[in-house]
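The structure comes before the details.

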Amino acid sequence: MKGQIEEAIDMINVSNPSLLQQNQSLFFNLRLQRLIEYIKENRISEALGYGQEVLAPAAQGNKEYLGELEKAMSLLAFNDLSASPVSHLASISRLQQIASEVNAAILTSHGQPPNSKLQVFMKLLSWTQRKLENTVEFP
C-alpha cells in the first residue's frame with residue numbers, strides 16, 4: 001500500500017463507473033486520503049489547494065464530512081505527524097481500512113457479500129480464542 005489514491009480512483013472508475021457515484025461516503029474518504037497523502041509527503045501547497053478546491057465543496061452541508069476534513073487539515077499544524085492527536089489518520093491502518101471499504105463496495109456492487117467466508121471465519125475464530133483465554137486455563 002503506497003497511498004496511490006488517484007490511481008485507485010481512476011481504476012475504480014474504469015472498472016465500475018457508478019461505484020463512487022453510488023457510494024459518496026467512500027468517494028469522500030478516498031479524496032480525504034489523497035489530502036492526507038499530500039500532507040504526509042509535505043506537499044503543503046497542494047494539500048491546501050486540494051482541500052479548498054475539492055474537499056471543502058464536497059463537505060459543504062455535511063457535518064460529518066466537515067469534521068473529518070477539519071481533523072485531516074489539523075495535521076498541517078504538526079511537523080511530526082505522530083505527535084498529532086489525529087495521527088491515526090496518517091497510519092497504514094487507515095489505508096488498510098479504506099482498501100477494505102473499497103473491496104467491500106466492489107463485492108457488494110457485484111451482488112456478493114462484503115466479507116469473504118474466510119474473513120468471517122477468521123473473525124469468529126479470533127473471537128472464540130479470546131473468549132476461551134478468559135475462561136479456560138490452558139497447560
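A pocket is an open set of points on a 1 Å grid over the protein atoms alone, with protein on both sides within 12 Å along at least five of seven lines, and a lining residue has an atom within 4 Å of a point. The model is predicted: local features need pLDDT of at least 70, side-chain atom pairs count only at pLDDT 80 or more, and totals for chains, interfaces and linings use all residues. Residues are numbered from 1 along each chain as its sequence is written, and side-chain values use heavy atoms, without hydrogens and water.

The lining of the second largest pocket consists of Ser100, Asn103, Ala104, Leu107, Pro114, Asn115, Ser116, Gln119 and Lys123. Two or more of these residues come from each of α6 (92-109) and α7 (117-135); helices here are DSSP runs (H or I, at least four residues), numbered from the N terminus. The most, 4 residues, come from α6.

Helix α1 covers residues 5-15, and its Ile5, Ile9 and Ile12 are buried, that is, under 20% relative accessible area, where exposed means over 50% and partly exposed lies in between (1.4 Å probe, protein chains only). These buried residues fall within an arc of 65 degrees seen down the axis of α1, so they line one face of the helix; the arc is taken from the directions from the helix axis to the C-beta atoms. On the other side, Met11, Val14 and Ser15 are exposed. The cover over the buried residues of α1 includes α2 (19-22), α3 and α6.

Aromatic rings of Phe, Tyr and Trp (its six-membered ring) pair if their centres lie within 6.5 Å; planes under 30 degrees apart count as stacked, over 60 as edge-to-face and the rest as tilted. The count is 2 aromatic pairs.

| Pair | Centres | Planes | Type |
|---|---|---|---|
| Phenylalanine 28 and tyrosine 65 | 4.2 Å | 5 degrees | stacked |
| Tyrosine 38 and tyrosine 50 | 5.7 Å | 70 degrees | edge-to-face |

Phenylalanine 28 is in helix α3 and tyrosine 65 in helix α5 (residues 63-74), so their pair ties together parts 37 residues apart in sequence. Tyrosine 38 and tyrosine 50 are both buried.

Helix α3 (residues 24-40) also holds asparagine 29. Asparagine 29 is buried, at a relative accessible area of 15%. Leaving aside neighbours within four places in sequence, asparagine 29 is in contact with Arg94, Ile98 and Glu101, contact being heavy atoms within 4.5 Å.

Methods
1 Å grid on protein atoms, 1.4 Å probe; cavity = no way out; pocket = protein on both sides within 12 Å on 5 of 7 lines; lining within 4 Å.
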